[in-house]
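Please read it alongside the sequence and the structure shown here.

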Amino acid sequence: MCTLEKQGNLFILTLTGDDEHRLNPSLIDSIKSALNRVTAEATAGSALITTAQGKFFSNGYDLDWASSDPSRLPLMDSKLKSLVFDLFNLPMPTIAAVTGHASAAGFILALSHDYVLMRKDRGFLYMSEIDIGLKLTVWNVAIVRSKVKSPAVSRDVVLRGTKLTADVAIEQGIVDSAHVGAADTVKAAVKLGEELAARKWDGKVYAHSRRLVFSDVLTTLTAETVSKL
C-alpha cells in the first residue's frame, strides 16, 4: 500500500506494491492513516514528501474494482475527496515527487500538494476521464483550475485529455522543477523539503495560510453535496 519514513524533519510517504498504484479504498485509507501519523508527529519545521515506486505515480481510480458495483465509484470519490481535504489542511509544506505517470485521480493527488517535482525522462500528467467516459466532479476541476495558470491549457487537460510533459508542466507553473530519473527527483524533493523545514514555520499558521490561498477549492471540497458535471 504505502510506507512512511521519517528522515530528520521530513516525512517520506511512498506508494508501494502494484506498479500502477490505482486508488481504491484500501490504498486511500492507507495514505490517510499515514497522514494521521504525520499530523500527530509534526513539529515546527516538518515537511511531507509523497512519491511512488515503479512506472506510475498513480494511474487513477481502481476501475476494475469499481466495475462490479455501481456504489463503488462514488465511494472512491468520497474517500479521495477526504484525502485531498487532509492534504490541504496538513500543518506543514507538502511536496509530490512524481517519478512516473500521474493520471486522472493520480494527477489530482499530485496537484493536491504545495509543490510538484517531476521526472522529465519518463511520465506524463493528464486527466484521462474524457477518453474513458468517466464524469469528472466539480472539485476535480476546481483543483485543476487552481493549479493550471492558462485557461487554454486547463481546457485542454479537461476536454481533450492532453498529456503534459515535464517541460510543458513547468512552463504552466504546475511543476516546480524536473529531473532525470526517479532517484534525482526524490533527491531534489528532499533538498526542497529540507529548505522549507529549515524555516521552522508554525504548522497551524502554515495550514491556515494554505486554506486562504485555496479557499475556492476548499469551499468546493467541503460542500455537503458534490455535483456532477
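## Salt bridges and a buried lysine

The structure holds 7 salt bridges, a salt bridge being a side-chain nitrogen of Lys or Arg within 4 Å of a carboxyl oxygen of Asp or Glu. This is a predicted model, in which local features need pLDDT of at least 70 and side-chain atom pairs count only at pLDDT 80 or more, whereas totals for chains, interfaces and linings use all residues. Residues are numbered from 1 along each chain as its sequence is written, and side-chain values use heavy atoms, with hydrogens and water left out.

Three of these pairs, among them Lys-79 with Asp-29, are listed below.

| Pair | N to O distance |
|---|---|
| Lys-79 and Asp-29 | 3.0 Å |
| Asp-86 and Lys-32 | 2.5 Å |
| Arg-119 and Asp-121 | 2.9 Å |

Lys-32 counts as buried at 18% relative accessibility, where buried means under 20% relative accessible area, exposed over 50% and partly exposed in between, with a 1.4 Å probe and protein chains only.

Lys-147, in helix α6 (residues 138-147), is buried yet has no salt bridge, the nearest side chain of opposite charge, Asp-114, being 5.8 Å away. A polar atom of the Lys-147 side chain does, however, lie 2.9 Å from the backbone oxygen of His-113.

Terms used. Helix = DSSP H or I, 4+ residues; strand = E, 2+ residues; numbered from the N terminus. Lys, Arg positive; Asp, Glu negative; His and termini not counted. Polar contact = N/O pair within 3.5 Å; in protein donor to acceptor, adjacent residues only side chain to side chain.
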